Amino acid sequence: MIVAIANQKGGVGKTTTAINLAAALALRGKRTLLLDLDPQSNSTMSFLDMPQVTKSVYDAIVEPGVAMRDVILPTPVPNLWIAPSRIALAKLEAKLVGEMDAHFRLKDKIEPIRKEYPHIVIDCPPTLGLLTVNAL
């Protein structure tokens, strides 16, 4: 199951919903990945100290040699892992413009870890740009 929490407006509870849904699944014993696609990184900051984050979803999407599993970190909540975000995600759209596979990068990076994380919750940014299109 992959759930993307998306809305083009900010301040409507996307991050709150994503965090709580992911934590609830994890607390029910479900191996869950919270994928933070919002450059504001609020989901990431809810579970991690930012200095811990050396690689982010940005690196996994942009760099061919970085797999999604290379950026995933455990959280203090049992059964919950996070693919963290950083402000660098804000420049993703400009980086991928004109790329033929730009709309499918996230799908291609998630596919190898689907069996490890049967429940994936994606926190989307408050826009209808390339990050949200990838999540959907």
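1. Strands β2 (32–36) and β4 (residues 80–83) run parallel and are joined by 4 bridges. Helices (H or I, at least four residues) and strands (E, at least two) are DSSP runs, numbered from the N terminus; two strands pair if DSSP finds at least two bridges between them. Within this pairing, Leu-35 stands opposite Ala-83 of β4. The model is a predicted one, in which local features need pLDDT of at least 70 and side-chain atom pairs count only at pLDDT 80 or more, while totals for chains, interfaces and linings use all residues. Residues are numbered from 1 along each chain as its sequence is written, and side-chain values use heavy atoms, with hydrogens and water left out.

2. Strand β2 also pairs with β5 (119–123), again in parallel, through 5 bridges. Here Asp-36 has Asp-123 of β5 opposite. The open sheet of 5 strands has the order β1-β5-β2-β4-β3, with mixed pairing. Its edge strands, each pairing on one side only, are β1 and β3 (73–74). The link from β3 to β4 is antiparallel and consists of 2 bridges, with Trp-81 of β4 as the bridge partner of Pro-74.

3. Strand β2 is mostly covered, since 5 of its 5 residues are buried (buried means under 20% relative accessible area, exposed over 50%, partly exposed in between, with a 1.4 Å probe and protein chains only). In a regular strand the side chains alternate between the two faces of the sheet. In β2, Thr-32, Leu-34 and Asp-36 point one way, Leu-33 and Leu-35 point the other way, and all are buried.

4. Thr-32 belongs to strand β2 and is buried, with a relative accessible area of 0%. Leaving aside neighbours within four places in sequence, its contacts (heavy atoms within 4.5 Å) include Ala-22, Leu-25 and Ala-26, together with Trp-81, His-119 and Val-121.

5. Helix α1 (residues 14–27) lies across β1, β2, β4 and β5, and runs at about 165° to β5. For such angles, axes are lines fitted to C-alpha atoms, for helices over the stretch in contact, and values run from 0 to 180 degrees between N-to-C directions.

6. Most residues other than glycine have a negative phi. Ser-41, although not a glycine, has a positive phi of about 60°; this residue is in the loop between β2 and α2 (42–47) and is buried, at 4% relative accessible area. Asn-79 is likewise not a glycine and has a positive phi of about 70°. Asn-79 is found in the loop between β3 and β4 and counts as partly exposed, at 29% relative accessibility.

7. The largest pocket has a volume of about 150 Å³. On a 1 Å grid over the protein atoms alone, a pocket is an open set of points with protein on both sides within 12 Å along at least five of seven lines, whereas a cavity is a set where a 1.4 Å probe fits but cannot get out; lining residues have an atom within 4 Å of a point. Grid points are joined across faces, edges and corners, and a volume is the space filled by probe spheres set on the points.

8. Residues lining the largest pocket include Ile-2, Lys-107, Arg-114, Ile-122 and Asn-134. The elements giving two or more residues to this lining are β1 (2–5), α5 (105–110) and α6 (130–135), and the largest share, 3 residues, comes from α5. The lining divides into 7 nonpolar, 1 polar and 3 charged residues (Ala, Val, Leu, Ile, Met, Phe, Trp, Tyr, Cys and Pro count as nonpolar, Asp, Glu, Lys and Arg as charged, and the others, Gly among them, as polar).
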